[in-house]
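The following report describes selected local features of a single protein chain. Please read it alongside the sequence and coordinates shown here.

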Amino acid sequence: MNRIENLFSKKSKNILNVYCTAGFPKLDSTITVMQSLQHAGADMIELGMPYSDPLADGPVIQASSSKALQNGMTIKKLFEQLSDFRDLITLPVLLMGYMNPILQYGFEKFCKDAAAVGIDGLILPDLPEYEFESEYGTIIRNNGLSFVFLVTPETSEARVKKLDQLSSGFLYAVSSSSTTGKDKKMEDVTGYLRRLKSINLKNPVMVGFGIKDKQTFQAACESARGAIIGTAYIKALEQNQDVDAATNKFINAILS
């Protein structure tokens with residue numbers, strides 16, 4: 001059982017997955033931010049690999065990626081930073097990013113290096129289902145990595161079932177067909193989450209996009225195993241240069 005499966009087997013609800021951008025706010029902030037999240041009470045970390053042309057990221061996360069790239073963050077640099085991170089971090093960690101820089105790095109090398117440092121899974125929103133099935137999924141599985149597909153309110157039940165079967169770890173339920181950080185009334189999402197809950201899915205469901213505070217987190221958790229918060233946390237880091245203080249204040253406000 002890997003760390004993601006272990007988390008879901010031990011914790012039945014209110015699982016908090018927090019997104020942070022590697023190399024933000026400073027190039028050497030990556031491990032500091034991850035440690036702060038662990039100490040503050042996050043259950044899982046989604047570590048964003050900065051990219052200049054992201055599909056699903058809203059302006060706040062895009063700006064953090066631009067800053068990280070300006071700071072000098074690359075995939076090679078990230079793996080150097082993560083070389084000993086398992087000495088400090090016990091939480092499940094997924095890498096979230098886009099195919100272009102990974103293909104430039106070498107997809108098989110990327111998966112091997114991710115597994116070697118102790119990464120648990122991948123979220124690659126622009127990896128098409130058919131390419132996953134025909135080429136990349138085998139490489140991912142052979143390196144012991146989980147892979148998380150995203151579904152939206154517009155995804156048909158048949159496709160939800162298909163993406164659930166291809167996913168491992170959890171299924172990422174995007175709260176709306178927009179970018180991250182957009183305000184979303186969680187009551188508008190409830191029917192969609194109930195529909196997902198009624199389908200006999202293999203994987204637990206985590207909700208992302210528009211989760212920003214205690215109220216939206218709790219609302220999401222009523223119909224799913226947990227939620228993913230990104231934009232609101234990046235804003236918190238922007239507003240306070242003390243990473244520990246910013247993280248503790250932010251996570252405590254959600255979990256208290």
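## Backbone features and packing

Asn14 lies in the loop between helix 1 and strand 1, where helices (H or I, at least four residues) and strands (E, at least two) are DSSP runs numbered from the N terminus. The model is a predicted one, in which local features need pLDDT of at least 70 and side-chain atom pairs count only at pLDDT 80 or more, while totals for chains, interfaces and linings use all residues. Residues are numbered from 1 along each chain as its sequence is written, and side-chain values use heavy atoms, with hydrogens and water left out.

Although Asn14 is not a glycine, its phi is positive, at about 55°. Its relative accessible area of 32% makes Asn14 partly exposed; buried means under 20% relative accessible area, exposed over 50%, and partly exposed in between (1.4 Å probe, protein chains only). Phe209, in the loop between strand 8 and helix 10 (214–221), is likewise a residue other than glycine with a positive phi, near 80°. Phe209 counts as buried, at 8% relative accessibility. A further backbone feature is the cis peptide bond between Phe24 and Pro25, with omega about 5°. Pro25 belongs to the loop between strand 1 and helix 2.

| Residue | Relative accessible area | Class |
|---|---|---|
| Asn14 | 32% | partly exposed |
| Phe209 | 8% | buried |
| Ile234 | 0% | buried |
| Arg141 | 49% | partly exposed |

Helix 1 (residues 3–10) has Ile4, Leu7 and Phe8 among its residues, and these three are buried. They lie on the same side of helix 1 because they cover an arc of only 90° around the axis, the arc being that of the directions from the helix axis to the C-beta atoms. An α-helix has 3.6 residues a turn, so residues three or four places apart point the same way. The cover over the buried residues of helix 1 includes strand 1 (15–21), strand 2 (44–48) and strand 3 (93–96), together with strand 4 (121–123), strand 5 (146–147) and strand 8 (205–208). At the start of helix 1, the backbone nitrogen of Ile4 has a side-chain oxygen of Asn2 within 3.1 Å.

Helix 2 (residues 30–40) and helix 12 (residues 243–255) have axes that come within 9 Å and cross at roughly 35°. Here axes are lines fitted to C-alpha atoms, for helices over the stretch in contact, and angles run from 0 to 180 degrees between N-to-C directions. On the helix 2 side, Thr32, Val33, Ser36, Leu37 and Ala40 meet Val243, Asp244, Thr247, Asn248, Ile251, Asn252 and Leu255 of helix 12, contact meaning heavy atoms within 4.5 Å. The residues of this contact comprise six nonpolar, five polar and one charged; Ala, Val, Leu, Ile, Met, Phe, Trp, Tyr, Cys and Pro count as nonpolar, Asp, Glu, Lys and Arg as charged, and the others, Gly among them, as polar.

Ile234 is placed in helix 11 (residues 231–239). Beyond its neighbours within four places in sequence, Ile234 touches Tyr19, Cys20, Thr21, Phe24, Val60, Ile61 and Ser64. Val60 is 174 residues away from Ile234 along the chain, yet their C-alpha atoms are separated by 7.2 Å.

Arg141 is part of helix 7 (residues 129–142).

Key
A polar contact is a pair of N or O atoms within 3.5 Å; within protein, one must be able to donate a hydrogen and the other to accept it, and residues adjacent in sequence count only if both atoms are side-chain atoms.
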